[in-house]
Amino acid sequence: MKGSMIIVGFFILGVIAGGMDWIHIDQFGFDISFVALACLMLCVGIGVGNDLGALKGLRTLHPRLLLLPVVTIVGTLAGCCLIALLMPWRHITDVLAVGSGFGYYSLSSIFITEYRGAELGTVALLANIAREIITLLGAPLLARFFGPLAPISSGGATSMDTTLPIITNVSGKEFVILSIYHGFVVDFSVPFLVTFFCSLA
């Protein structure tokens, strides 16, 4: 939760700095969004490399549970299609691109800003932060009414880091490895799915 608030704070600071003409993007002499994206991809790669050891515990999981990331991805995209019906002014690929962030707000919002502009990038940032906050605050209710796998799916890409403590608390320690695996796979899908939907007309 604290990390999300810090991100939102920096976003608001950036809007103020841009609106008050304190900083101009052209003054850097290079595409700062691309450089930020490249740095994020480097960090994602380092994170994936550091978490490979945790995935050894997958041997203890029931084979059906290995499909949970697929269910999360398909369920999220199906939900996005339903939401798109309520927003006829927005192209369905925009909604799918935003949903494909799966809570990974920093990476997905930069990709979407790069491909579709700052307006949709801002929507992606706020939508994916909202997903993380809903998981952090609603995990106990999700586990109670929908079972221990619900908070993991709700967390999306964040189930291996920021939402892992609350997931462990409400779902149980036996779901830690599954939650890390789920976050790893969903996290890995974000750059591919976001760029795919952004590249569609």
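Which residue forms a salt bridge with R90, the closest N and O atoms being 3.1 Å apart? The partner is E119. This contact belongs to a predicted model, in which the salt-bridge count comes to 3. R90, D94, R116 and E119 are joined in a network of such bridges. The model also holds 2 aromatic pairs and 0 disulfides.

**Salt-bridge network**

- The R90–E119 pair connects distant parts of the chain, 29 residues apart. R90 sits in the loop between α3 (68-85) and α4 (92-99), while E119 belongs to helix α6 (residues 118-146).
- R90 also meets D94 in a salt bridge, with an N to O distance of 3.5 Å. That value qualifies because the cut-off for a salt bridge is 4 Å between the side-chain nitrogen and the carboxyl oxygen.
- D94 in turn forms a salt bridge with R116, and here the closest N and O atoms are 2.0 Å apart.
- Side chains of opposite charge can pair when their charged atoms come close.

**Exposure of the network residues**

- D94 has a relative accessible area of 9%, so it is buried; the limit for that class is under 20%.
- R90, at 23% relative accessibility, counts as partly exposed.
- R116 is likewise partly exposed, its relative accessible area being 25%.
- E119 has a relative accessible area of 59% and is therefore exposed, as the exposed class begins over 50%.

- The buried residues of α4 are T93, D94, V95, L96, A97, V98 and G99.
- Among the elements that cover these buried residues are α3, α5, α6 and α9.

**Aromatic pairs**

- A pair of aromatic rings is described by the distance of the centres and the angle of the planes.
- Of the 2 aromatic pairs in the structure, one is formed by F188 and F192, with 5.4 Å centre to centre and 55° between the planes.
- The F188–F192 pair is classed as tilted because its angle falls between the limits of 30 degrees for stacked and 60 for edge-to-face.
- Both residues lie in helix α9 (residues 176-199), 4 residues apart, which is about one turn of the helix.
- F188 and F192 are both exposed, although α9 is also among the elements covering the buried residues of α4.

**Cysteines**

- With 0 disulfides in the structure, C81 is in none, and its nearest cysteine sulfur, that of C80, is 7.0 Å away.
- C81 counts as partly exposed, at 32% relative accessibility.
- C198 counts as buried, at 6% relative accessibility.

Terms used. Residues are numbered from 1 along each chain as its sequence is written. This is a predicted model: local features need pLDDT of at least 70, side-chain atom pairs count only at pLDDT 80 or more; totals for chains, interfaces and linings use all residues. Side-chain values use heavy atoms; hydrogens and water are left out. Rings of Phe, Tyr and Trp (its six-membered ring) pair if their centres lie within 6.5 Å; planes under 30 degrees apart count as stacked, over 60 as edge-to-face and the rest as tilted. Helices (H or I, at least four residues) and strands (E, at least two) are DSSP runs, numbered from the N terminus. Buried means under 20% relative accessible area, exposed over 50%, partly exposed in between (1.4 Å probe, protein chains only). Contact means heavy atoms within 4.5 Å. A disulfide is a pair of cysteine sulfur atoms within 2.5 Å.
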